[in-house]
Amino acid sequence: MQLEFRHLRVLLTVAEAGSIRKAAARLQLSQPATSAQLKRIEGELGGPLFVRSAEGVKPNENGQYVLRCARDLVVGFDRLREYARGAGEADSGAALPLRAGGTAGPLVSLLMSALFELVPGNGVTVDARRSVHALVKALGLSKCDIAVFGEFPGFPLPVGESVAARTLLREPVFVLLAEDHPLARRERVALHELADEEWVMPEADESGVHAYLHLTCRAAGFTPRVAHVTPDLSVAQMLVAGRRAVCGVWPSAEVPARGTVLRPLVDVPFHRRLQLAWNTASVPAELAGAVGDRLLAEYLALVRQRPEYLAWWEDGGEGFALGADR
């Protein structure tokens, strides 16, 4: 088999998905076909690139190097193609759509709602990504025009010189508990009271979410035990309902699920800054300002739809979220 450019996308899809089954669904191939193709690619590149287990696949040392090279090649090719297409459309006088982005969750929907009101016609496209690092990189490479994402204190995301950003508000982390957990009877939970619990967390990424948890918990006098890792909130909810873990969640999300309760943490030890960022070369400052105002209004409307969040908001939380030092 001769290695082709499309094979690099297969490798990157498998690495991002973390399993052959999920990668096959994204590639619109059968799982056996995806597995067979991956083996042929690995054979062409000299040997296994992934460690396979019951939990999925992870790149080995050789795979990590190959994936870094593959990403550089794919990004370079995409930039070349996008430049060529953009130049062609500019020559023909066609208007380019505004490319909006965000990480998975309600924030993307709020951004799109704001843009649909402010940008006429069909002038908006969306690219929702799981990785905030990939999103920020897309902004810096002019592959995305405007995006919304969360940023943890102490872990700033490098947006690039051509990108401007506005902090909309500070969003707290609440804790998700089983409804029969002893702490579920409290209106608020102190972080140190969770010292003996096991945690379920999303996968570690460049956002610093795991490091942020560890640093904050250590300041409260304990080291958190992250026993479960999943990007799927429904899986986390199941673990919490079964008293197998506790979980930090954003109160803007649609939680809790049956068998769980949502409680704020005393003194808001965890939070993230919700950032609206835009490429200054493609988004006028007036439009960015209008989008930010509309997005904030949409978020405040969402707060009113979440009873636990609204109670926190009205009990002094609004001052924290919208404070001058946000």
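Visitor: Where is Glu308 found?

Guide: Glu308 is found in helix 10, residues 307-321. Helices here are DSSP runs of H or I with at least four residues, strands are runs of E with at least two, and both are numbered from the N terminus.

Visitor: And what kind of model is this?

Guide: This is a predicted model, in which local features need pLDDT of at least 70, side-chain atom pairs count only at pLDDT 80 or more, and totals for chains, interfaces and linings use all residues. Residues are numbered from 1 along each chain as its sequence is written, and side-chain values use heavy atoms, with hydrogens and water left out.

Visitor: Thanks. Back to Glu308: buried, exposed or partly exposed?

Guide: Partly exposed, because the relative accessible area of Glu308 is 27%. Buried means under 20%, exposed means over 50%, and partly exposed is in between, using a 1.4 Å probe and protein chains only.

Visitor: What is Glu308 in contact with, leaving aside neighbours within four places in sequence?

Guide: Phe174, Val255, Pro256 and Leu262 are in contact with Glu308 once those neighbours are left aside. Contact means heavy atoms within 4.5 Å. There is also Arg263, which is 45 residues from Glu308 in sequence and 7.4 Å away in space, C-alpha to C-alpha.

Visitor: Let's zoom out. How many helices and strands are there?

Guide: The protein has 10 helices and 12 strands. Its C-alpha atoms fill a box of roughly 60 × 50 × 30 Å along the principal axes.

Visitor: How does the radius of gyration look next to that of a compact globule?

Guide: The two agree, because a compact globule of 326 residues would have a radius of gyration near 20 Å and the protein has 22 Å. The radius is taken over C-alpha atoms, and the globule rule is 2.2 Å times the number of residues to the power 0.38.

Visitor: What share of the residues counts as buried?

Guide: Of the 326 residues, 44% count as buried. As for contacts between residues at least 6 apart in sequence, 71% of them join residues at least 24 apart.

Visitor: Now helix 6. Which residues are buried there?

Guide: In helix 6, residues 132-140, the buried ones are Val132, Leu135, Val136, Ala138 and Leu139. They sit on the same side of helix 6, because they cover an arc of only 155° around the axis. That arc is the one spanned by the directions from the helix axis to the C-beta atoms.

Visitor: Why would residues three or four places apart point the same way?

Guide: Because an α-helix has 3.6 residues a turn.

Visitor: What covers the buried residues of helix 6?

Guide: The cover includes strand 3 (98-103), strand 4 (124-129), strand 5 (146-151), strand 6 (163-172) and strand 12 (271-279).

Visitor: Over to helix 2. Which residues are buried?

Guide: Ile20, Ala23 and Ala24 are buried in helix 2, residues 20-27. Those buried residues fall within an arc of 105° seen down the axis, so they line one face of the helix. Arg21 and Ala25 are exposed on the face turned away from that buried side. Among the elements covering the buried residues of helix 2 are helix 1 (5-17), helix 3 (31-44) and strand 2 (56-59).

Visitor: What happens just after helix 2?

Guide: Gln28 takes a positive phi of about 60° there, although Gln28 is not a glycine. Most residues other than glycine have a negative phi. Gln28 is exposed, with a relative accessible area of 74%.

Visitor: What is phi like at Ser142?

Guide: Phi of Ser142 is near 60°, a positive value in a residue other than glycine. Ser142 is in the loop between helix 6 and strand 5, and counts as partly exposed at 34% relative accessibility.
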